[in-house]
Amino acid sequence: MPAWKRVGELSKEVLAEEMYELKIITQFSAAHRLENFYGKCEALHGHNWKVEVYLQGERLDEAGLVKDFGELKARTREVLEALDHKYLNDLPEFRHQNPSSENLARYLFDRLTATLNTNSVRVSRVSVWESDTSCASYFLP
Ligand SMILES: [Zn+2]
């Protein structure tokens, strides 16, 4: 077999040639305050956080889907239950780290990855908007 062909086959295994990406948008409401921060977010206050979940897959199932949007939304809702209408600083996950939008994005990414990732589908990014103009994202580069 010519070397170029072996290389071609190898790269096909390693690199996806095409990718589909899904995104859902949802939200939760909660209160927090930021320690070691001098500004408005130092005081107890609340946000209606908008959450964007991105899912990537290389293949479609028999129905032509990466993942059923309904299932993606249901799994995300389950994960958000732990945060919705809570005082985030009281949760064990945020006793020793601030419930900043950055840390919330990583928290959600870790939990959504655990419940949604399969051999063919993975959570690729989670974005958390704390206002209409301010957003933090977490992903694995
Ligand atoms: Zn805040």
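Predicted model: local features only at pLDDT ≥ 70, side-chain atom pairs only at ≥ 80, totals over all residues.
Trainee: What makes the reach of helix H3 close to the expected one?

Mentor: Helix H3 covers residues 101-116, 16 residues in total.

Trainee: Why is Ser101 called buried?

Mentor: A residue is buried if 20 or more other C-beta atoms lie within 10 Å of its own. Ser101 has 22 such neighbours inside 10 Å, so Ser101 counts as buried. Ser101 lies in helix H3, and the buried residues of that helix also include Leu104, Tyr107 and Arg111.

Trainee: What covers the buried residues of H3?

Mentor: The cover includes strand E2 (45-57), helix H2 (69-81), strand E3 (121-131) and strand E4 (134-138). Ser101 itself, leaving aside neighbours within four places in sequence, is in contact with Val128, Glu130 and Ala136. The C-alpha atoms of Ser101 and Tyr138 are separated by 9.7 Å, although the two residues are 37 apart along the chain.

Trainee: Which residues have the most contacts inside the largest nonpolar core?

Mentor: They are Val51, Val53, Leu108, Leu112, Val126 and Val128, in a core of 21 residues. E2, H2, H3 and E3 each supply at least two residues of this core, and the largest share, six residues, comes from H3.

Trainee: Which residues does Val51 touch?

Mentor: Not counting residues up to four places away in sequence, Val51 touches Thr26, Gln27, Phe28, Leu80, Leu108, Val126 and Val128.

How values were computed: Residues numbered from 1 in each chain as written. Helix = DSSP H or I, 4+ residues; strand = E, 2+ residues; numbered from the N terminus. Expected span 1.5 Å × (residues − 1). Buried ≥ 20, exposed ≤ 12 C-beta atoms within 10 Å, placed from the backbone. Contact = placed C-beta atoms within 7 Å. Core = buried A, V, L, I, M, F, W, Y, C linked by C-beta atoms within 7 Å.
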